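The structure is shown first.

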Amino acid sequence: MFKNVLIAEDHEIVSKSLRSALTDLGITIADKDYVFYCDDAFTRVQKAQRDGDPYELIITDLSFDEDYPKQKIAGGRELIKALKEIQPDLKVLVFSIENRALIANTLFKELNIDAYVPKARHDAKDLKLALESIYKNKKYHSPNLRQKEEYLHDFTPYDKTIVSLILDGKTQKEMSGILKQKNMEPSGLSSIEKRINYIKTALNISNNGQLIAYCIANKVI
């Protein structure tokens, strides 16, 4: 079984499921192998390579809460892409609240991940099956992934512009100025915030990271 595993997860309580599943398979995770930020994960992988003891597997979330100092690598998708560029053979298991087969399939296709497990009931069992499959060089698509999109939203050009600005890292104040330059209304801060919240509610999405992942997977932007 894997000996060198890195976990990138910003919610400490979630690590209990991860560590339990790993321990049952004989995998020990040291404190240095658990990080809260994507930048730290990238740095750890780089250091492990320099030390001649590279990681075999990374388990990462897709969405990370915004924090300070601001991270260069903001989310799991960007982290996977960056890691694949410096270590193409690194195995990747995505463990995310995003329970959409469409998003998972996009990651398998575009970033060549090895497994996708949604955070849900019985996810510990799901994780064990995923780890066993990856170790045997097999891809693992969780059977618990939701196949059908249950929440729909018809993105207007205004919506697409807002989402693109979020992807570019713009603040709502900066968005307001850009929308005014483009003669797109409404451009007020309150209106922008309300529209973003409306879209997330319609899609049953809780944060901007998930919104970006959804829009990329569905080719909205």
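The model is predicted, so local features need pLDDT of at least 70 and side-chain atom pairs count only at pLDDT 80 or more, while totals for chains, interfaces and linings use all residues. Residues are numbered from 1 along each chain as its sequence is written, and side-chain values use heavy atoms, with hydrogens and water left out.

Helix H3 covers residues 76-86 and helix H4 residues 101-111; they pack at an angle of about 20°, with axes 11 Å apart. Helices (H or I, at least four residues) and strands (E, at least two) are DSSP runs numbered from the N terminus. Axes are lines fitted to C-alpha atoms, for helices over the stretch in contact, and angles run from 0 to 180 degrees between N-to-C directions. H3 and H4 are therefore roughly parallel to each other (angles under 35 degrees; over 145 is roughly antiparallel, 65 to 115 roughly perpendicular, the rest oblique).

From H3, Arg 77, Ile 80, Lys 81 and Lys 84 meet Thr 106, Leu 107, Glu 110 and Leu 111 of H4; contact means heavy atoms within 4.5 Å. The residues of this contact divide into three nonpolar, one polar and four charged.

The structure holds two aromatic pairs. Rings of Phe, Tyr and Trp (its six-membered ring) pair if their centres lie within 6.5 Å; planes under 30 degrees apart count as stacked, over 60 as edge-to-face and the rest as tilted.

| Pair | Centre to centre | Angle between planes | Class |
|---|---|---|---|
| Phe 2 and Tyr 135 | 5.3 Å | 85° | edge-to-face |
| Tyr 34 and Phe 36 | 5.2 Å | 90° | edge-to-face |

Phe 2 lies in the segment before strand S1 (5-8) and Tyr 135 in helix H5 (residues 123-135), so their pair ties together parts 133 residues apart in sequence. Phe 2 is buried at 7% relative accessibility, whereas Tyr 135 is partly exposed at 43%. Buried means under 20% relative accessible area, exposed over 50%, and partly exposed in between (1.4 Å probe, protein chains only). In the other pair, Tyr 34 is buried at 8% and Phe 36 is partly exposed at 33%.

Val 92 sits in strand S4 (residues 91-96) and is buried, with 1% relative accessibility. Its C-alpha atom is 6.1 Å from that of Ile 59, 33 residues away along the chain. Leaving aside neighbours within four places in sequence, Val 92 contacts residues including Leu 57, Ile 80, Lys 84 and Ile 113.

Methods
Nonpolar A, V, L, I, M, F, W, Y, C, P; charged D, E, K, R; others polar.
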